[in-house]
Amino acid sequence: AASRAAADARGRSERPQSAAASRIIGISLQEAQQILNVSNLNAEEIQKNYDHLFKVNDKSVGGSFYLQSKVVRAKERLDEELRIQAKDEKEKGWKAET
């Protein structure tokens, strides 16, 4: 509940769709970027960092399930933001054509 409340507070400065994604996933865009160590939304960089962090935090190699879960949530949040951005760009392109 505290995590969700913090995400709500951070989400107030984000776009409406982005803020909604933060509330649903429970992690802000900024926090997700920090967890996966990415400064901009580049799908290849996100995937590369995700794969590495997921692997090193695997419990079978002495990692932390909690940290691995945070990595998964961060990836979900960044994937959702990429989806939102792609939809926005598609809508802008469609509006420019009409």
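Helices (H or I, at least four residues) and strands (E, at least two) are DSSP runs, numbered from the N terminus. This is a predicted model, in which local features need pLDDT of at least 70 and side-chain atom pairs count only at pLDDT 80 or more, while totals for chains, interfaces and linings use all residues. Residues are numbered from 1 along each chain as its sequence is written, and side-chain values use heavy atoms, with hydrogens and water left out.

**View 1. The protein chain has five helices and zero strands.** Along the sequence, the pattern reads α-α-α-α-α. Of the 98 residues, 30% are buried (buried means under 20% relative accessible area, exposed over 50%, partly exposed in between; 1.4 Å probe, protein chains only). Taking contacts (heavy atoms within 4.5 Å) between residues at least 6 apart in sequence, 51% join residues at least 24 apart.

**View 2. Helix α3 (residues 29–36) has a buried side.** Here you can find Leu 29, Ala 32, Gln 33 and Leu 36, which are buried. These residues lie on the same side of α3 because they cover an arc of only 100 degrees around the axis, the arc being that of the directions from the helix axis to the C-beta atoms. Gln 30 and Gln 34 are exposed, on the face turned away from that buried side. After α3 comes Asn 37, with a positive phi near 55 degrees.

**View 3. Ser 28 lies in the loop between α2 (16–25) and α3.** With a relative accessible area of 1%, Ser 28 is buried. Look for its side chain reaching the backbone nitrogen of Glu 31 at 3.0 Å.

**View 4. Tyr 50 and Phe 54 form a tilted aromatic pair.** The structure holds one aromatic pair; rings of Phe, Tyr and Trp (its six-membered ring) pair if their centres lie within 6.5 Å, and planes under 30 degrees apart count as stacked, over 60 as edge-to-face and the rest as tilted. In this pair, the centres are 5.6 Å apart and the planes make an angle of 35 degrees. Both residues belong to helix α4 (residues 43–56), and because they are four residues apart, about one helical turn separates them. Tyr 50 is buried at 17% relative accessible area, whereas Phe 54 is partly exposed at 32%.

**View 5. The charged end of Lys 75 sits over the ring of Tyr 50.** The distance to the ring centre is 5.6 Å; the criterion is NZ of Lys or CZ of Arg within 6 Å of the ring centre and within 35 degrees of the ring normal.

Conventions
Polar contact = N/O pair within 3.5 Å; in protein donor to acceptor, adjacent residues only side chain to side chain.
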